[in-house]
Amino acid sequence: MPSDKKKHRPVLVQVETPNLIPERDLGSIPVLQAEHLGIDFGGLTAVDDFNIAMGRTEISGLIGPNGAGKTTIFNLLTNVYKPTRGTVLIDGYDTAGKSVADVNRMGIARTFQNIRLFSKMTVEQNVLVGFGNTMKTHLITDMLRLPGHWKQEAEFHDRALELLDIFDMRTYADTLAGNLPYGAQRRLEILRALATGPKVLLLDEPAAGMNPAETEELMENIQKIRDEFQIAILLIEHDMSLVMGVCEVVGVLDYGKIIAKGTPEQIQNDPRVIEAYLGKQEVK
Amino acid sequence: MEEELMNKKRPIISTGGRGPAAGEKKRLPMAARYAINAVLVLVVLVIGELMIDGGAITRYQSTVLEQVGVYIILAVSLNIATGYLGQLPLGHAGFMSVGAYGCAIFVMRMGDLLGVGMRDFTTGTPLSILIVIAGLVFGGLCAAIAGVIIGIPALRLKGDYLAIITLAFAEIIRVVMLNIDSVLGFTLTRGAKGLTGIPGYSSFLLVFGCVALVCFLIHTMMKSRHGRAILAIRDNEIAAEASGVNTTYYKTLAFVVSAFFAGVAGGLYAGCIGVLQPAYFGFMKSIEILVMVVLGGMGSMLGSALSATVLTILPEALRAFSEYRMIVYAVVLILVMIFRPQGLLGSYDFSLSRIIERVMNRDFPWKKKAESAAKEAAGEGVSADAER
């Protein structure tokens with residue numbers, strides 16, 4: 001099995017992976033699938049036996065106490081960390097041995113817990129960096145300003161502004177990203193990720209530092225993105241109102257292991273989840 | 001002089017920061033911007049050439065001017081790796097020397113082969129000009145190849161480590177130049193004796209034509225998807241990678257382009273001074289170029305060019321006080337680093353088109369000041385949206 005791991009071709013998936021919800025339609029192949037994913041840092045097992053299979057347009061959530069390994073999972077899915085065990089398949093393609101940029105090109109885009117924008121570039125330029133792989137001009141065409149350059153720049157200028165329109169950020173197009181208000185920076189990060197044309201969007205605590213009204217708006221936006229772009233979204237969040245409001249499936253992580261998964265309702269009543277967050281109930 | 005430099009500069013990154021624009025602004029069409037800048041460059045070149053022909057600029061002064069041009073190219077090209085890519089290579093003189101030797105040897109050999117004499121190079125017959133241009137490109141390519149060879153291993157490292165490894169590579173290049181003849185039995189660089197008899201093909205027109213062209217090419221590269229990828233790596237490498245930027249490729253690209261132009265500058269330098277010795281291209285030369293970039297402001301092409309100009313002319317002007325000039329030089333550096341650590345111009349870049357557009361839009365700084373003062377008086381603070 002591991003011999004053809006590195007080849008960039010669809011792998012037939014035996015869906016032995018326990019889906020988060022069995023009856024959900026995954027299409028022919030799940031857009032994102034991880035099997036038995038795990039990583040050790042020295043002797044410490046940070047993530048162990050993580051499985052996920054996501055449908056094309058599914059919104060899933062990953063919750064868990066601090067230090068449970070949620071962001072580590074994002075880093076594993078995007079190949080920032082090389083998994084010690086297990087495989088990640090994007091649309092049936094194995095990501096083993098691919099660089100982070102390649103994994104992005106294969107269809108995963110992400111945002112970061114602590115905002116990572118190109119702060120000395122303008123908002124529009126931030127989005128254009130995301131479009132970078134869709135733009136095809138050769139370096140010489142660009143340097144000599146041949147007609148192809150102008151055509152492409154004009155096209156992507158429009159596309160970038162259209163993308164900014166989603167969050168009503170067109171007026172900020174020429175502002176330096178670092179000068180944006182906090183909420184707008186978070187939105188811009190999502191837009192930059194969308195510009196790369198992902199099939200799966202990973203959001204790492206998108207609501208961190210937002211007030212309830214902004215969280216409400218973000219919730220609508222997440223659904224809007226899913227509907228407009230027809231992509232799957234996996235998010236890490238501590239804000240329960242967001243997770244319970246927007247996610248169709250929720251997985252709970254504790255000490256690097258999934259301890260429960262299911263619909264938000266199931267999760268809210270799961271004794272294991274309550275134990276992980278609040279500690280064990282005294283038996284009277 | 002300053003004006004002349006400014007004409008060649010165009011903005012790399014629009015500094016933005018003007019906040020949300022109210023209503024549509026009038027814009028200069030791209031063709032007009034390019035035309036204006038091209039005309040200005042031509043005017044400066046013609047005026048300079050006329051002044052040299054007419055004797056308003058002495059032979060000595062024009063030689064200094066040529067050196068200024070060479071250093072401008074060096075500083076502006078190092079600025080790609082330092083200011084735009086955000087790395088700190090210390091081996092720029094190494095690339096310069098590869099280009100200088102490559103170009104000088106190419107020109108000398110081709111001159112012999114095609115029967116173009118030393119004199120033809122100084123007067124500039126069509127064939128000799130062709131050879132020189134081919135030689136500059138050849139020198140640039142040699143330096144670019146050196147850039148690839150050095151860049152691929154070196155760019156895996158960051159910060160101090162990158163500085164040290166590039167420094168070491170530059171020293172290797174210098175030693176190779178020194179010993180290649182005796183080891184391999186060629187007559188290429190002539191080792192420590194120095195390569196003499198290089199035709200003096202560098203002229204004001206050639207050097208500053210190259211300055212304009214190099215600035216143009218760097219500008220156009222930085223204002224394209226390639227340049228944006230390079231700037232993205234500087235701003236946040238992890239995010240750039242996650243946004244699909246192939247960081248290894250773009251780092252190497254920036255490094256190689258930087259090396260290529262350094263090679264071109266080296267070729268011009270060879271034609272300017274006529275003798276090449278490996279000792280010219282030591283560690284201090286790299287530092288000198290780096291100081292120009294840091295002093296002018298990392299990421300500002302105009303800043304690099306201005307400080308290259310000042311730092312080349314200053315030692316010449318202070319020749320009378322040669323005992324003190326290093327002290328002056330050091331004091332200037334210390335003062336700048338204390339009071340303006342981001343460099344004289346920071347990341348500001350001059351754009352003539354932007355100024356013309358401002359005039360077209362009646363958008364003057366003093367007007368804005370009055371506006372914001374009026375706003376404050378009306379009790380409208382900073383945008384209510386801003387928090388944290």
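Modeller: I start with confidence, then go through the strands, and end at the partner chain.

This is a predicted model: local features need pLDDT of at least 70, side-chain atom pairs count only at pLDDT 80 or more, and totals for chains, interfaces and linings use all residues. Residues are numbered from 1 along each chain as its sequence is written, while chains are lettered from A and ligands numbered from 1 in the order in which they are written.

Confidence comes first. pLDDT is the predictor's per-residue confidence, from 0 to 100. Chain A averages 84. In chain A, 89% of the residues score at least 70. Where pLDDT is low, the predicted coordinates should not be read in detail.

Now the strands. Strands (E, at least two residues) and helices (H or I, at least four) are DSSP runs, numbered from the N terminus. Two strands pair if DSSP finds at least two bridges between them. Take strand 1 of chain A, residues 32-41. It runs antiparallel to strand 2 of chain A, residues 44-54, with 7 bridges joining the two. Within that pairing, Ile39(A) stands opposite Val47(A). Strand 1 and strand 2 of chain A form a hairpin with 2 residues between them. Gly42(A) sits in the turn, with a positive phi of about 65 degrees.

Strand 1 of chain A has another partner, strand 4 of chain A, residues 85-90. This pairing is antiparallel too, over 5 bridges. Here Gln33(A) has Leu89(A) as its bridge partner.

Chain A also holds an open sheet of 6 strands, in the order 6-7-8-3-9-10. The pairing is mixed. Strand 6 (108-110) and strand 10 (257-262) of chain A are the edges, each pairing on one side only. From one strand to the next the twist averages 20 degrees. Angles run from 0 to 180 degrees between N-to-C directions, with axes fitted to C-alpha atoms, for helices over the stretch in contact.

Inside this sheet, strand 7 (residues 200-204) and strand 8 (residues 232-236) of chain A are parallel, with 5 bridges. Val200(A) is bridged to Ala232(A) there. Helix 10 of chain A, residues 271-278, lies across strand 9 (249-254) and strand 10 of chain A. Helix 10 runs at about 130 degrees to strand 10 of chain A.

Last, the partner. 38 residues of chain A are in contact with 35 residues of chain B. On the chain A side, the elements giving two or more residues are helix 2 (100-106), helix 3 (123-131), helix 4 (139-143) and helix 6 (182-195). That side divides into 15 nonpolar, 15 polar and 8 charged residues. Ala, Val, Leu, Ile, Met, Phe, Trp, Tyr, Cys and Pro count as nonpolar, Asp, Glu, Lys and Arg as charged, and the others, Gly among them, as polar.

How far to trust the partner? Chain B averages a pLDDT of 82, and 87% of its residues score at least 70. Residues 379-388 of chain B fall below 50, with 7 contacts beyond near neighbours in sequence. For the complex, the predictor gives an ipTM of 0.85 and a pTM of 0.84.

Note on methods:
Two residues are in contact if their C-beta atoms, placed from the backbone, lie within 7 Å.
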